[in-house]
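Trainee: Could you pick one part of this model and go through it closely? I would like the cut-offs stated as you go.

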Amino acid sequence: MDKPCPEDLDVMLSLHYYDIFQAIEEENIASCKSLIKSLPDINGLHPDLHIGVIHASSTIPCTKFARDLFRTLVKWNVDVNALTGEGYSPLDIAVSNDRLETTKFLLKHGAQPSDRTLELAQEFNNASCEKLIQKSLASVSAGYDTDVLVKELKKLGLNPGPITKTTKPVYLRYKDRHMLKGGTEVKQRW
């Protein structure tokens, strides 16, 4: 028997993702687990929609099903900071859909908020998520190693002045924006 061509594999993978997304919509945890387990890469993206399982999961209300699904994804080492083809993180999606409990879960499991996440919370008038993201951004800034930040800024051609409690968040935002504009993936902060 001949091996399937790449186009056939994309079609098969696309249909598999549709089955997973349908199981998520129907809140069928057994089907989700079975289908996700057979994915070649749990962090992969749908070939046409350019979203992954973690992104689709971030849109649903926080029910027992959603908590079970997220626990399963985290247990199977899903990347909670994976980006869609358009550059949105699961946290961005949760905030945009007013999913406070999902936002809390993602933050608890290592999701990194960005300025974009905060802007989305503000754009969608999501005050509870906005407060949570602001608090999280402040704690990320406080925990970021100053010496590492200075080295990274110098690599970007910037000669920073003293890094203080006030200037650190500004420099971190500059670094993140510069790296995103340059097409380089922003690395994890911890």
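**A helix with a covered and a partly open residue**

Mentor: Tyr18 counts as partly exposed because its relative accessible area is 41%; the class lies between buried (under 20%) and exposed (over 50%), with a 1.4 Å probe and protein chains only. This is a predicted model, in which local features need pLDDT of at least 70 and side-chain atom pairs count only at pLDDT 80 or more, while totals for chains, interfaces and linings use all residues. Residues are numbered from 1 along each chain as its sequence is written, and side-chain values use heavy atoms, without hydrogens or water.

Tyr18 sits in helix H1, which covers residues 6-25. Helices here are DSSP runs (H or I, at least four residues), numbered from the N terminus. Together with Val11, Leu15 and Leu49, Tyr18 makes a nonpolar surface patch of about 370 Å². Such a patch takes residues with over 30% relative accessible area and no salt bridge, and joins nonpolar side chains (Val, Leu, Ile, Met, Phe, Trp, Tyr) within 5 Å. A salt bridge would be a side-chain nitrogen of Lys or Arg within 4 Å of a carboxyl oxygen of Asp or Glu. The areas come from the Shrake-Rupley method with a 1.4 Å probe.

Ser14 also belongs to helix H1. With a relative accessible area of 7%, Ser14 is therefore buried. Leaving aside residues up to four places away in sequence, Ser14 touches His46, Pro47 and Asp48, where contact means heavy atoms within 4.5 Å.

Conventions. Helices (H or I, at least four residues) and strands (E, at least two) are DSSP runs, numbered from the N terminus. Patches are made of residues with over 30% relative accessible area and no salt bridge: like charges are joined within 9 Å, nonpolar side chains (Val, Leu, Ile, Met, Phe, Trp, Tyr) within 5 Å.
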